Amino acid sequence: MQVSSLNEVKIYSLSAGRSLPEWLSDRKKRALQKKDVDIRRRIELIQDFEMPTVSTKIKVSRDGQYIMAVGTYKPRVRCFDTYQLSQKFERCLDSEVVTFEILSDDYSKIVFLQCGRFVEFHSQHGHYYKTRIPKFGRDFSYHYPSCDLYFVGASSEVYRLNLEQGRFLNSLQTEASESNVCDINPVHFLFAMGTAEGKVECWDPRTRNRVGLLDCALSSVTADTEIEGLPSISALKFDGALNMAVGTSTGQVLLYDLRSSNPLIVKDHHYGLPIKSIQFQHQLDLIISADSRIIKMWNKDTGKIFTSMEPEHDINDVCLYPNSGMLMTANEAPKMSIYYIPVLGPAPKWCSFLDNLTEELEENPESTVYDDYKFVTRKDLENLGLAHLIGSSLLRAYMHGFFMDIRLYHKAKMMANPFAYEEYRREKIRQKIEETRAQRVQLKKLPKVNKELALKLIEEEGEEQQISKKRKQKNLPSLLKDDRFKVMFENPDFQVDEQSEEFRLLNPLVSKISEKRKRKLKILEELEAQGQEEEEEPEGKASDAESSESSDDEKGWVEEVRKQRKLLRQEEKLKRQERLKEDQQTLLKPQFFEIKEGEEFRSFKDSAKKQKLMKKTLEDRLKLEEKLGTLNVSDTTVGSKQATFKLKKSEQQRKQQEAEKRHRQERKSLRRSASHLKSRRGRGRLFH
């Protein structure tokens, strides 16, 4: 028995342990059990709980007495009696089984959906009836109140087969192109089906009308998920009257409340594999979801991981034994796995002894090979010189090779290759020599751009490696090997300009440090030109000289900064003098501008005024417009502001308006003079 623990949850693998070949006789098996302690101590909960090659589906009857499994090859179904802890019967079928359903409390009524569009019914004695559906089926569900079987598959229709009348009924027409899974709610018998477009359609079997549609593909895509195609529905399971769990082909599990179109929780397996099975564990409010690689148990309210299991072989189906902590899986291997998790619940009543055993068992490694036998091919036998044993009792033919005793194999190998130890010793010596060569000083290949910066990084990395070795820390990644900074050592645009003002002020002591690197650069360039490898490092200064140099650098920090500032000021003065000389030597030439037709040139000041005006804020521009009279701001009765703008007129319009104004003034003056003359004439007549 193998014991694993995750999040302080112990998982006991009851199917782990040494396995014996099927072709061994009972006498040899008993002899091995007497000799080998591991075989004698292994736990075989149900005798021969396996399939010839692969198991695809596994289910438990409602009374809990029978465990049924289907697999290949050849296609068959096996029924195991838990009360007897052994196999009850085995039946072979014509084609592989896609899925099956146990209609009765025991094994007396079973329905198989097969690959070739066949639906096969079995009773207690064996095969009972066989029929076909129009399209290839992928899943089906049984509606107990009406005795109807609902088949979904590679069609937009849901086929209904009534078992009471023995005939097909009118099918349900859906909007989906294909359907993958289906399920019926055990409380109110709502029929739900998952489509290839990532939607779930819910139908009422009483009225045969669709009552709901969920778009799970859109809800399964979150900010953290990465998908390559449209997620389709691969698993579907109801829990009670209101909850429903949906699994997608991209590895997400969505928990829905039927009263809402948005999921309560979205759980990602992070493997990108289709969800194969979903089970509910009501004692701890857990959801058990499985893809072909992992089984995850998580809380349905918070989504927190409870525990997980990663079997050695790919998973095809998961079955939780009712009201217990036992879990069974059908996988891509002959042996079907059985797990016992005491935290989930007690052991079933037919194996109650597990509760006592699990307290005393120790961890034992799981082994899937036959430890006492070695599998060899025909070519291996020829290399060992044992080809003449083919056909004898010492070799047992199996698939493309033979099984032979492991002791005979070791003896033959020693005789065929007596110098194996010498070869092993030479290989170890060669590895040691290569390790010592790696410690030598090797030629450093520097990039074409920023050579001094690269040399500085290499020196710093060497110092950090020595410090990390002393402190036993992990080495940090190198900038030279990082793709994000690769362009800095390839593109000349990223060359560091050491003569720039910023560089010289920020690095006042860079001149002394750069001199050392320049010496090393010259040495490395000479070695590259000659094509020779440097075996030893060039001699440097003593430790006392280096310490004195570092102290001098610290003292001369301020002096170096002052020198750099003086040099920068002198360089600026020289640049100014050169600019003045160039300005004096240059002659100003007149520039001519062309004016377009219909435009008048006033001055260059207008454009400057416009540029200054555009640089001002909106508030300043509005104040200026108000002063000029082109803007009128007034308060309204509501409490808001009303702004009235007057458009600027062109020069021609302005001249025309001024002429009209002068003309009106002249006419007014003429009218006044005429009226004055008339009044004077009238007064003269009165006096006469």
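Two strands count as paired if DSSP finds at least two bridges between them. In this predicted model, S179 stands opposite T195 in strand β16.

- Four strands form an open sheet in the order β15-β16-β17-β18, and their pairing is antiparallel.
- The edges of the sheet are β15 (179–184) and β18 (209–215); each has a single partner strand, so one side of each is left without a neighbour in the sheet.
- On average, neighbouring strands of this sheet are turned by 20 degrees against each other, with direction ignored.
- Strand β16 covers residues 191–195 and is joined to β15 by five bridges, the two strands running antiparallel.
- In general, the strands of a sheet pair through backbone hydrogen bonds, in either a parallel or an antiparallel way.

**Strand β5: burial**

- Strand β5 spans residues 76–81 and is mostly covered, with six of its six residues buried.
- Which residues lie on each side of β5? R76, R78 and F80 are on one side, while V77, C79 and D81 are on the other.
- Both faces of the strand are covered.

**Strand β5: its two partners**

- Strand β4 (residues 66–72) runs antiparallel to β5, and six bridges join the two.
- The bridge partner of G71 is R76 in β5.
- β4 and β5 make a hairpin, with three residues between them.
- Strand β6 (residues 86–92) also runs antiparallel to β5 and is joined to it by six bridges.
- F80 stands opposite Q87, a residue of β6.
- β5 and β6 make a hairpin as well, with four residues between them.
- In the turn of this β5–β6 hairpin, L85 has a positive phi of about 55 degrees.

**D268: a buried charge**

- D268 lies in strand β22, which covers residues 265–268.
- Although D268 is buried, it has no salt bridge.
- The side chain of D268 does make a polar contact with the side chain of Q252, at 3.4 Å.
- The side chain of D268 also reaches the backbone nitrogen of H270, at 3.0 Å.

Note on methods. Residues are numbered from 1 along each chain as its sequence is written. This is a predicted model: local features need pLDDT of at least 70, side-chain atom pairs count only at pLDDT 80 or more; totals for chains, interfaces and linings use all residues. Side-chain values use heavy atoms; hydrogens and water are left out. Buried means under 20% relative accessible area, exposed over 50%, partly exposed in between (1.4 Å probe, protein chains only). Axes are lines fitted to C-alpha atoms, for helices over the stretch in contact, and angles run from 0 to 180 degrees between N-to-C directions. Lys and Arg count as positive and Asp and Glu as negative; His and the chain ends are not counted. A salt bridge is a side-chain nitrogen of Lys or Arg within 4 Å of a carboxyl oxygen of Asp or Glu. A polar contact is a pair of N or O atoms within 3.5 Å; within protein, one must be able to donate a hydrogen and the other to accept it, and residues adjacent in sequence count only if both atoms are side-chain atoms.
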